[in-house]
Amino acid sequence: MKSAYQLLEDKGLITARTRSGYFVCDSLPALQHRSPVGAITDHQQAFIHFRSEADRLLAALLDKRQRGTCIDLALACPVGEKFYPTQRLKTIMTKLLRESDVLSRYALPPGSLTLRTQIARRGLQLGMALDAERILLTHGAMEALSLAVQAATQPGDAIGIETPTFYSLYPLLESLGRRIVSLPTHPQHGLCLDTLPSIIEQQALKAIITIPTGHNPLGFTMPVSARRHLVEMAHRYQLAIIEDALYAELQLGDQQVPNIKAFDREGWVMVCASYGKTLAPDFRIGWLDAGRFTHQAQQLKFATTVAEPLSISETVGIFLENGGYDAHLRQLRRRYDRQVAMLRALIADSFPVGTRVSQPQAGFILWIELPEGIDALMLCEAALIEDILCMPGALCARNPSFNHCLRMAACFEITNTYQNSVRRLGALAAAQLI
């Protein structure tokens, strides 16, 4: 049985210091609301240089991660069998390959009926009445987002995104020729809906991409009342809402907040997710319910990647059908709840006074606001030299005003090496203030 000290440390209420004993963790101040608004059209030389430096650092991070010679505090990519039901999936796939002819049949869209039926069934837990016939299987959540954008908008259209947001949305939208509009976003509640109508009208928004549950990177979960209000606006302005529900099944509270899609009756909300964070990242199985844009999304899928492999999608479908997924999710939620608390405690103990840290309500991503005067790009460069990967917040906003912020992930085993790397990163941040 764990000691009382161990239980308190697991909850992040105390922290151990070498040869000094246990100490109560410092309280961490709440995040500040500092979200810019408007179209990203700044072509000033300084801004272009800043973006170039941020993109160069991201490429270096990915290269270092690929080499496997570093401690990763940056990427939201859990690794290891403690985070996935690997053995169970191996058993199912082996049996499927032995007893069926899936390898000698072409898969056609919308994909495995077994899996689509299970996705629709599980949608009920998040308030959604999904139709398996309308669900489209995709190559991960990124393809689902791409299909949703292309189905609902045209090149040159304006798309609103939360600020900060998932860093890959910027290159995705730019590659599709869409105009990006930064939307004011509260760090605890999400999109600032009181200012949204004027932005919709002034910027002629055609769609909004939102991560309302376990936001990446801020961690908030949008209140139910705000979700209803956003759907009302979508109906009023005939505006597509693209809901990224990647972390919806990893809510850390006792009550599951329903997806935005649960309140939509006119098909303006498109919802997508994947099983990369919970079941098997290498399978790259995602899905999309495109609402009133279903036909367009299905045509786009067929014209590009056609369909997802039956062997993989059937394996996931059988796993969901046979049970065990809910038990796995409960274990995963407990693990992430504990690890987030431990990481927050480490940051409170190791980073400069005045550091602000989010309290994720789903998932495992932390947003860190460092004291003014700290340059996160320089900090991440210094950490990279010591084989520590961290992500500057500016990558999640394409805006220098977030260059004192970091995104950090608690989705790896928190070993002594991991903890020492967090402490070293805090020391490097403090060194900039001297």
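Author: Start with Glu 369, which is found in strand S15. Bear in mind that this is a predicted model.

Reader: Is Glu 369 buried or exposed, and which side chain of opposite charge is nearest?

Author: Glu 369 is buried, and it has no salt bridge. The nearest side chain of opposite charge is Arg 356, 4.4 Å away. A salt bridge needs a nitrogen-to-oxygen distance within 4 Å.

Reader: Which residues does Glu 369 touch, leaving out those up to four places away in sequence?

Author: Its contacts include Leu 31, Gln 32, Arg 356 and His 404.

Reader: How do strands pair in a sheet?

Author: Through backbone hydrogen bonds, either parallel or antiparallel. Here, S15 (residues 365-369) and S18 (residues 405-409) run antiparallel, joined by five bridges. Leu 366 sits opposite Met 408 of S18.

Reader: What is the strand order in the sheet?

Author: The order is S14-S15-S18-S17, an open sheet of four strands with antiparallel pairing. S14 (356-357) and S17 (391-392) each have a single partner strand, so one side of each lacks a neighbour in the sheet.

Reader: Which helix lies across S14, S15 and S18?

Author: Helix H11 (residues 325-350) does, at about 20° to S15.

Reader: Where do strands pair in the parallel sense?

Author: Look at S6 (residues 158-162) and S7, which pair that way over five bridges. Glu 162 has Leu 183 in S7 as its bridge partner. With helix H6 (residues 169-175), S6 and S7 make a right-handed β-α-β unit.

Reader: How many residues of S7 are buried?

Author: Four of the five in S7 (residues 179-183), so the strand counts as mostly covered.

Terms used
Residues numbered from 1 in each chain as written. Predicted model: local features only at pLDDT ≥ 70, side-chain atom pairs only at ≥ 80, totals over all residues. Heavy atoms only, no water. Pairing = 2+ DSSP bridges. Helix = DSSP H or I, 4+ residues; strand = E, 2+ residues; numbered from the N terminus. Contact = heavy atoms within 4.5 Å. Axes fitted to C-alpha atoms, helices over the stretch in contact; angles between N-to-C directions. Buried < 20%, exposed > 50% of the residue type's maximum accessible area, 1.4 Å probe, protein only. Lys, Arg positive; Asp, Glu negative; His and termini not counted. Right-handed = clockwise from strand over helix to strand, strands pointing away.
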